Amino acid sequence: MKITYWSDYACPYCYIGEKRLEKVIEELNLQDVIELEMKSFELDPGAPRDYHGTTVERFARKYMLSEKRAADQIEHISKLGKEEGIDFRYADTRYTNTLDAHRLTKLVQSKGDQKRANQLVTDLFDAYFTRNQELTDRELLIELGVKAGIDRGEIEELLDGDLYEKEVRADEAEAQRVGVRAVPFFVIDHKYSISGARPKEAFMQALQAIAEEQKTEIFPQGASCGIDGCH
């Protein structure tokens, strides 16, 4: 069984959704039968490479909220993350461009080691939402790439050029073709789709239904992030 999902490292619901799916796969003991593949989806391709302002300020501006209401909503999302065991520090995130992080992901995926690729995805989410690091930080990306088994020189070559940018753009073009407008968006065996960070029970039911070859193809939409914001 293959699960392909579109995601972005600056999307809080993507990290939450990934954790929920991961728990369901473990509970159903499907680790050895499910192949996971993350596809790129930049929520803000024009995001700056350098960090400016605060998450609360950016959130308030984006959703036209007072800073108090923005802070409350950020805290609510953080609590959802903490319920999944993530030391979620959304209010302190350092918002920057995610293209290099996606390119690094493509490089690691190209080596064919799914376990290392999946761990890199988790490490990049953790760097952003827990360690509150900038995902444009060259040394951070080198550190995580080396941890994933890539030679430092190969990572430096990636960061010095535009390697794997075409692959990132191809993922995003595919998302447009199949109608993905918000992430996370999961596709199972090229047939069944789950939109948003659904509750763990919904992932459980979906995988069980698929395993039993039921015919329900589209599942209800959960919390997700699109180019116009998170909902």
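Contact is taken to mean heavy atoms within 4.5 Å, and helices (H or I, at least four residues) and strands (E, at least two) are DSSP runs, numbered from the N terminus. The structure is a predicted model, in which local features need pLDDT of at least 70 and side-chain atom pairs count only at pLDDT 80 or more, whereas totals for chains, interfaces and linings use all residues. Residues are numbered from 1 along each chain as its sequence is written, and side-chain values use heavy atoms, with hydrogens and water left out.

The protein contains 9 helices and 7 strands. Its C-alpha atoms fill a box of roughly 50 × 45 × 35 Å along the principal axes. The radius of gyration, taken over C-alpha atoms, was compared with a globule rule of 2.2 Å times the number of residues to the power 0.38. For 231 residues, a compact globule would have a value near 17 Å, and the protein agrees, with 17 Å. A residue is called buried under 20% relative accessible area, exposed over 50%, and partly exposed in between (1.4 Å probe, protein chains only). On this basis, 52% of the 231 residues count as buried. Accessible areas come from the Shrake-Rupley method with a 1.4 Å probe, and for residues only the protein chains shown count as cover. The protein exposes about 11300 Å², of which carbon and sulfur atoms supply 46%. Among contacts with a separation of 6 or more, 75% are accounted for by residues 24 or more positions apart.

Strand S1 (residues 2-7) is mostly covered, as 5 of its 6 residues are buried. Two strands are said to pair if DSSP finds at least two bridges between them. Strands S1 and S2 run parallel and are joined by 6 bridges, with Thr4 standing opposite Glu37 in S2.

The expected span of a helix is 1.5 Å times one less than its number of residues. Helix H1 has 16 residues and should therefore span 22 Å; the 23 Å between its end C-alpha atoms agrees with this. Helix H1 is mostly covered, with 12 of its 16 residues buried; Pro12, Tyr13, Leu21 and Ile25 are among them. After H1 comes Asn29, whose phi is positive, near 60°, although this residue is not a glycine. Asn29 lies in the loop between H1 and strand S2 (35-40), and it counts as exposed because its relative accessibility is 61%.

Helix H3 (residues 67-83) comprises 17 residues and reaches 24 Å from its first C-alpha to its last, close to the 24 Å expected. Its buried residues are Ala70, Ile74, Ile77, Ser78, Leu80 and Gly81. They cover an arc of only 155° around the axis, and therefore lie on the same side of H3; the arc is that of the directions from the helix axis to the C-beta atoms. In general, an α-helix has 3.6 residues a turn, so residues three or four places apart point the same way. The buried residues of H3 pack against helix H1 (12-27) and helix H2 (55-63), whereas Lys68, Arg69 and Glu83 are exposed on the other side of H3. Helix H3 is followed by Gly85, which has a positive phi near 90°.

Lys106 belongs to helix H4 (residues 99-109). Lys106 is buried because its relative accessible area is 9%. Leaving aside residues up to four places away in sequence, Lys106 touches Met38, Ser40, Tyr164, Glu167, Val168 and Asp171. One of these, Tyr164, lies in the loop between helix H7 (152-160) and helix H8 (165-178). Tyr164 has a positive phi, near 70°, in a residue other than glycine. Tyr164 counts as partly exposed because its relative accessibility is 22%.

An open sheet of 3 strands has the order S3-S6-S7 and antiparallel pairing. Strand S3 (182-183) and strand S7 (229-230) stand at the edges, each with a single partner strand, so one side of each has no neighbour in the sheet. The antiparallel pairing of S3 with strand S6 (residues 225-226) extends over 2 bridges, and Ala182 stands opposite Gly226 in S6. The peptide bond from Val183 to Pro184 is cis, with omega near 5°. Pro184 is located in the loop between S3 and strand S4 (185-188).
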